[in-house]
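The following questions and answers examine a single protein chain, moving from its overall make-up to individual side chains. Please consult the sequence and structure shown here while reading.

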Amino acid sequence: MPLQGRCRHHYSRSPVAQPPRSSHRASRSPSFRVPSTMVSPSEWWSRRLLTPSHPLRGCGSVVMTSRRSLLVLLMTTLMLTASLAGCLGGDDGGTEPEKSTDNGDSATADTDGDGVIDILDQCPNEVGPLDSNDRPGCPNIVYDADSDGIPDEDDTCPDTPADEDNDDNGCSQSQLDDDNDEVVNSEDQCPNTLANEDVDANGCSARQRDTDGDGVSDADDECDGEDDTVDVDADNIPDCIDSEVDSDGDGVMDDTDECENTPAGIEVDDVGCEEVPAEVIEVKLGVLTPRTGANSHLAEGLENAAQLAIDDINSAQNSYDFSLVFFDTGSSGSSGGNGVWSLIEGDQVSGIIGGSSMPVINGAFSPVGGDQQVKPIQHEIPVITPFVSDGAMEEIVDDGLLWRVIPSEADSAHPGSMWANVYELSGVAIVHVDNGFGRSYARMFADAYGEENICGTFAYPANQIVFDKEAGSYQGPFHGGLTVDAGCQNFVIASNYDSNSQTAALIEELKQNIYDARIVTSHHVPGPNGADAFFENVTDESRLAGMVGAKPMAWESPLLAGLNTQYMDAYGSAAPSHAAASYDAAMILAQAAIMAGSATGSDIKATIPSVGTGYAGMSGTIDFDDYGNTAGMMYELFRFEVDGGGTETSTRYEEMGFWGPAEGISAKCRDNADPMLIGMLSPQTGIHSPYATGEENSVQLGVELLNINQRGLCFSLVVEDTESTQSGAATAMQSLVDSGVIGVIGPHSTEEALGALPIAESNKIPMITFGAFSDEAMEEAWDGCGLACTPQDYGYLWRVSPGVDHHVSALNSIIQSTNVAILHDDGKDHTAIANGLASELGSQNICSTQSFAEAQTDYNSEVSALSSCNTVVILAGVTDGAAILAEIYAQQLDIIMIGGHGLGDIALLSAVSDTAHMEGLTGVRMGIDHDVAEYDHELKYVYNMNYNSALPSYAGWAGDATLILGTAVSLSDVNSDITGQRVNEMGIPSAADDYAVSSGEITLSTSTGFTSHSNMDVYEWGADGEFTEIGRWRADIGLILFSPES
């Protein structure tokens, strides 16, 4: 029976066809069927308010509503009535009646069988509950506000962008927070922030920020707003906090200098202020500017920036008066000669900047005038260009008068040489296009890498496209067989930038002849249209495997921001990109004139190389070579990776990292690489602190190498200070665990290892030490383990360095006398070696054994007790060792001095007050087994490149520990689930199994944690501080001393 009421409009609900649904990852629709369409809130409200299908919805202007509770009450009443009717005789007690499908006026009819009687069911043909969030009896509406296929109630990330795929939790990659710093990936400018680090609104911690742009993170920055890398006196103390420094080089220390930033060459008084001469020297500088013609857009920036430089140099001193004279070249090469002629002979300039193109520079050094002379050469007037990068510029006959303050296009030969050094390539063939770029690249590479490593240099014409001599279309002159005939093994190629087909054909021919060759290429590969376009020209992509190179990238000097502000203030517009180089060109000429003390061109020419060495310019650091070139500041390293083989190959052009002549090499992780944190226990303070920098540097290098080679993971390093103590190491280890490290490198000593071990064991975080020579900590970690040791029983401390027994045997092998004294600190490591050596020598050969406290300051009595001994073995760190050597020298004791590993480190040079104290000191230290070492050359080369230092004694071993740990982590990756326990039980034993690293071939025992490595170097110090390896010792071959000529 129909409901009675004021309004009796009847509406029928038309079923709406629903589209079929597929995976939410593909279509953004849910992966499951729902009773009703998934709609957004706005769509749902629109349907609720505008569709008059509700029988209680109004007529006219009145809308009547009914609460769900009333409907539920009504439903309950009706159902109860129906039940009572049955009890009172409606059912005869026979068989169960069939389910009613009566669609008439029966009060209990339920057409869709959803438990809601038709009289209340607003969707009689669709299953739905009475208390539906839509209408009674209708399917519940599933809300999905962002249409990502995940119901709102299950959606962890609302408002997912429409063009982004999401995971099962409704989160797209941009909405996740992979490093848990509370800044989502889309807004996080610093991914891989370490745990527990405070971040700014951009997701960057102090360790990741470099606010003043000096290359030193804010966490380590000692000079906020200043360049920490400026260290004029090279004492490793930034000038901004160094009280004993002469920043402006005027001979007056900063603490008494009343006139800062005096230009070099200006005469000053006792307080560093200029002594102005009676007669000021006037210096005019010419500017070849393209005010008209094709390059006219460069003129304003060139002239403005040059004028800023002149204004600055005039403001900084009063002894010289600089001014500029301009000549418009019309952007024409033919005007270059006339321009320098006019400036030199007409305006009497002392130097020239500018030259907007190679034709203009060529013209400037071409004969002009009635005498047909090259005017810069005739009058010895130097020219500096801020524009021309053409490699052919260095082929101009200029009598050493032409420089450029931007890198040559051929400068990628320098990172090419770096790649060759990393791979230790020999028999290198330089194959280059026969033009200015190719010839310059070949010259630069040969100079940088060494002619002794070059098997030959081969040029090919720019129009040669066939390099296979057997091909019918071959016309020569170059073919791959020439490199075979020359005995070459590897290739460096310098090809044209826009010649993909030519370059591809060249590479395939070279690899056809020497398939295993490594190829290093210039930045002209893969060409202007990218890697995919290059691949289309290669018929066998497998021949690209492992090809490496570098391309120049944008780099900004820390000084550039100041120039940009100055330019804007002066001219009311932004400085163009060439302004910095233009400023530098003018400033170098002006400073060269001051240093020369003259306005004569020949004098200025003579001082330009000095001014242009390590010059901190607005465009970067300028270092002129003998050809007038300066190096590029930063390059992006790339490598071609090939998966598969034959016709089923997949080739990738992968950006691997960065290289710069000042910064060295660093890795670049893949965007999708999983972050992985390695910890390091470093003795940054305390008795072992002199070794900390070298150890940390090598571990960081190990991390960079891992990131270059282990591309699925992105390793980063967090370092904690052990304070060189057992308790300090325990605290540091807990901090590393709290940071979320997967494993730890270090510590340095046994005391530190004993402090860190309990934390490592309780948290199942493995440690790999490169020191801790005493076996005490190792035995504690591996207690109860033996030949039958199971992975679950492995100790959480491993050691890559030779232990006490090897140190003792190596020392004993070089002791050639009786009456030996042993002088050692009371640390566990040196005490263990001293006890072992005393036992090995026998009491009959020992005249004295003395122990002293670490960091003791007075060794008079200990050294006095050595007077009757022939030899003293000094087992100490560099701080104590330097003091002992000084005391021996002071007492003029005639005794043979033998040191342990600690005195075989370059840190001793900084610890001694006089290198004469070291003369004659020999000893043994952990050494590199060059017979089997894989990365010995690379580590030494890269360490020197990155840190401008020889490799310290502990450093190689610390780097090896890092490589082993990182490789172990990669091997433990099971479905992206990596734990410290799995690394310890599975990864380390697998990685450290005849692993050829920088120090040799290492296998770590799964019963003791000891290394198989036993090689020790025999060293000798000279009076001038020169360190020499004079022999080696290895357990299986004993002592070998090198002949003097080796």
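**Burial, charge pairs and surface patches**

In this predicted model, buried residues account for 51% of the 1046 residues in the protein chain.

Q: How many helices and strands does the secondary structure of the protein chain contain?
A: The model is a predicted one. In the protein chain, the secondary structure comes to 27 helices and 32 strands.

Q: What percentage of the contacts with a separation of 6 or more joins residues 24 or more positions apart?
A: The contacts considered are those in the protein chain with a separation of 6 or more. Among these, residues 24 or more positions apart account for 64%.

Q: Is H479 buried or exposed?
A: H479 lies in the loop between β9 (454-460) and α10 (481-485). Beyond its neighbours within four places in sequence, H479 is in contact with F467, K469, Y474 and E509. The relative accessibility of H479 is 12%. Because buried means under 20% relative accessible area, H479 counts as buried.

Q: With which residue does E345 form a salt bridge?
A: The closest N and O atoms of this salt bridge are 3.0 Å apart. The pair links distant parts of the chain, 30 residues apart, with E345 in helix α5 (residues 334-346) and its partner in helix α7 (residues 375-379). The partner of E345 is K375.

Q: Which residue forms a salt bridge with R209?
A: Side chains of opposite charge can pair when their charged atoms come close. In the salt bridge of R209, the closest N and O atoms are 3.5 Å apart.

Q: What is the N to O distance in the salt bridge of D1036 and R1034?
A: D1036 is exposed, with a relative accessible area of 55%, while R1034 counts as buried at 16% relative accessibility. Their side chains meet in a salt bridge with an N to O distance of 2.6 Å.

Q: How many salt bridges does the structure hold?
A: Salt bridges that share partners join D643, R652, E654, R670 and R711 into one network. The number of salt bridges in the structure is 25.

Q: About how much accessible area do I1037, I1040 and F1042 have together?
A: I1037 is found in the loop between β31 (1027-1034) and β32 (1038-1041). Its relative accessible area is 37%, so I1037 is partly exposed. I1037, I1040 and F1042 form a nonpolar patch on the surface, and their accessible area together is about 230 Å².

Q: Which residues gather with E780 in a patch of negative charge on the surface?
A: E780 is found in helix α19 (residues 776-781). With a relative accessible area of 43%, E780 is partly exposed. The residues that gather with E780 in this patch are E761, E779 and D783.

Key:
Residues numbered from 1 in each chain as written. Predicted model: local features only at pLDDT ≥ 70, side-chain atom pairs only at ≥ 80, totals over all residues. Heavy atoms only, no water. Patch = residues over 30% accessible without salt bridge, like charges linked within 9 Å, V, L, I, M, F, W, Y side chains within 5 Å. Areas by Shrake-Rupley, 256 points an atom, 1.4 Å probe, with all protein chains shown as cover. Salt bridge = Lys/Arg side-chain N within 4 Å of Asp/Glu carboxyl O. Helix = DSSP H or I, 4+ residues; strand = E, 2+ residues; numbered from the N terminus. Buried < 20%, exposed > 50% of the residue type's maximum accessible area, 1.4 Å probe, protein only. Lys, Arg positive; Asp, Glu negative; His and termini not counted. Charge placed at Lys NZ, Arg CZ, Asp CG, Glu CD. Contact = heavy atoms within 4.5 Å.
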